[in-house]
Structures are given as C-alpha cells and as structure tokens.
Amino acid sequence: MIDERAIADHFPHRPRGYFDHAAVSTVPVEVESAVAGVARALGRGTRGSSDWHELTDDVSVLLADELGVAATAVSVLANTGTAINSVARAIPFVGGDEVIVLADDFPSPRMPWHTIPGLSVQEVATTAHADRTTALIAAISPGTRAVSVTHVHATTGDVLDLARLHDACVSADALLIVDGAQAAGLFPGAARHADVYVAASYKWLLAGFGAAVVATGERFDDRAVPGLIGYMNEPPSPRLAVGHSNLFGMAALQAAARVRQGIGLEAIRAHTLSLTRRIADGAADLGLPPAAAEPASGIVSLTVADAPTLTDRLKDRGITTTVRDGALRVSPYLTTTHDDVDLLLSALTELAPAHHPHGGHS
Ligand SMILES: Cc1ncc(COP(=O)(O)O)c(C=O)c1O
C-alpha cells in the first residue's frame, strides 16, 4: 500500500486530478536540491569533480539495478529519440537485411530505420486486441536483423511480452531494441529481455526532461560500430555516448530513483495498476470501452466520441487527460490518489452520455 501522506511530502506541488503522466510526470521535490547541488559542484570547476564522478557512478548503479543489468551496461544519452537513432546507426547492416517495427507504434522506435540506406523495414499491422507479441514473432524471417518496438504502447497502453519476443529474436540471430519510455519505472528488470533498452527521464522515472538511460547487452555490444564518434567512444568501442552526459539530468534521475526505490518499485506498480484497473472498469461500465483488453501499464486509453471536446470538459472540471489517436488517454501514477479517480469517474458519469463511441454527440 502507498502511504498517500508520505507521497505528499515528496510531491508538495502535486496537481489534483492529474492523469497525464504518460506525457510528463510530476517530479519529486528532492530533484530541486539535487540539481542545485550539481550547480554548486560546477561552481568550483574541476575542484568539484569528485562530486560529479560519485554522481555518475551512483546513478548508473541505481538505474542498472532497477533495469536488471550491470552498471557497466548503462549510459545516459540526451533523449529516447537520439538514443534509438544512435542504435540504428551502430548496427552494421548489409544489403537485404530487414528490421521489423509495428505499423502503429510511436515514431521514435519506428522511424529511424527508414533512413538507413539499403535496409528493408517491415511495418507489422495489428488490430485492436490482437496479440502484438505473437504478430511480431510471426513476422520474423531469416533476413531479420532487428526488431524495434515500444515496451508499453504510447496510445493504448498495450504491453509486449519481452521475454517471449527476445527468445524469438535470439533464435533468429536478430537484436531486440526496446523503447521503454512508457514502461521504465513500472517494469523492474525489463532490460534483461532486450539487447538495447531505452528509458526516458521525464515520464515514469519522474526526473524531468533532459536524459535517456540506455542499457545495452552483449549481443548489441559485440556487433555495434557506432556511427556517431567522439572522444568517449573511439573505435573499437561499442559505446554510444560520444561526450559528456547531462549532469543535471543525471542528478535528477538519481534523486528521483532514490525516492521511487525508497517507496518501493513493487508498491508503486501495484498502486498504479489498481488505479488503471479502476479507471478501465469504471469507464467500461459507463459505455466508454478501454482500448487494451486488460490494463497492465500506467496507460488506459478510452474509446470515446469527440475526445478533444471531452478532454476540454474534463479540464474545466480540473482534470488533466489528453487525446492520442482519437482516444482519451488517461495515465495515473504514483502521485495519483483514489480520490483523484473518484473525481475522474464522477465527471465521466456526467459526461459519458454525450461521448459514447457509437452515437455520442456533444
Ligand atoms: C514511446 C515513446 N517513445 C519516445 C518518446 C519521446 O521520448 P524522448 O523525448 O525522450 O525522445 C515518447 C514521448 O511521448 C514516447 O511515448
């Protein structure tokens, strides 16, 4: 169980009725002093360097533990998109090689491959409620060199079975590249089932903009020939970081990881899933069906008529949600309370009749 009063101490600026953590999450107050601490250390120039070295080592250990990999496997790049583009440019493809993506996936894991000369990209189309893991595995062929996907789908909240997908990739001698932007923080140990796993700082890691944590495994490192080179990854290094990482972002990641890990990753996951299940069940009872068969992440996507107007009407009632692919995306997290869910469900009870997916009118 999450102690809501203890949470309030970490998040004094927590907005009530906030259901948009899949866009940008609330940041704990500890991040403020952590970032100020970096500025203080840098104020002493290289004389503050022992502080930075301690910070960079510690953040690697904290995040590696959480992702289920060794600290040496972790680096910090600018953002998820940059990381996946760097990965795409580091795999030595030859003519006829193929990469598999999901046709309706977020652009960051899907688009970078289209820009690699000579590479064939297979976009696998799936339907609502399809088993996306099975569809991806079925698409793997002898020419497949990589599969690049989001762990948790940014619109529907669907969760891929990475263990099963990774086994299939290993059997086919293909790499599994995972965009964990909507998952990291809620799925401890997930990077064990990927050759590259990328986690964005500003969503479920609660650390604000400015960094992406990248875990690479041996199967990637053994093949990688980075396309972006600097003094930190001179050949034959497989490392993707070409220069210094964002120290402020790392301090934020460290402070947020300590808060999250102090509360307990399993407790946070259980709390979040209890909220998404309540929202999905409550909305389904009101005739607004969730896109995913069973909520298993922090995202619930509701099929509604005229989602933009519904979002505005919720906003008028102090409730923040968003529209993605024509659906109402609702994303609670650690700082969301059951009172917030009561507020949302009572607003939806009032508004649902005008927004039923078939026959709703505004
Ligand atoms: C699945 C997914 N990947 C990547 C991103 C963007 O991440 P970044 O800004 O770190 O590139 C988002 C943002 O919403 C996302 O949902």
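Predicted model: local features only at pLDDT ≥ 70, side-chain atom pairs only at ≥ 80, totals over all residues.
Student: Why is strand 4 largely enclosed by the rest of the structure?
Tutor: Because 6 of its 7 residues, in the stretch 144–150, are buried (under 20% relative accessible area, 1.4 Å probe, protein chains only). Strands here are DSSP runs of E with at least two residues, and helices are H or I runs of at least four, numbered from the N terminus.
Student: In which sense do strand 4 and strand 5 pair?
Tutor: Parallel, over 5 bridges, with strand 5 covering residues 175–179; pairing takes at least two DSSP bridges. Ala-146 stands opposite Leu-175 there.
Student: And which residue of strand 4 is the bridge partner of Val-99?
Tutor: Ala-146 again. Strand 2 (residues 98–102) pairs with strand 4 in the parallel sense over 3 bridges.
Student: Switching to the ligand, what lies 2.7 Å from one of its oxygen atoms?
Tutor: A polar side-chain atom of Lys-203. Gln-182 also places a polar side-chain atom 2.9 Å from a ligand oxygen, and a polar backbone atom of Thr-80 is 2.8 Å from a ligand oxygen. Polar contacts here are pairs of N or O atoms within 3.5 Å.
Student: How much of the ligand does the protein bury?
Tutor: The protein buries 86% of the 400 Å² that the ligand exposes when taken alone (Shrake-Rupley method, 1.4 Å probe).

Methods: Residues numbered from 1 in each chain as written. Heavy atoms only, no water. Buried < 20%, exposed > 50% of the residue type's maximum accessible area, 1.4 Å probe, protein only. Polar contact = N/O pair within 3.5 Å; in protein donor to acceptor, adjacent residues only side chain to side chain.
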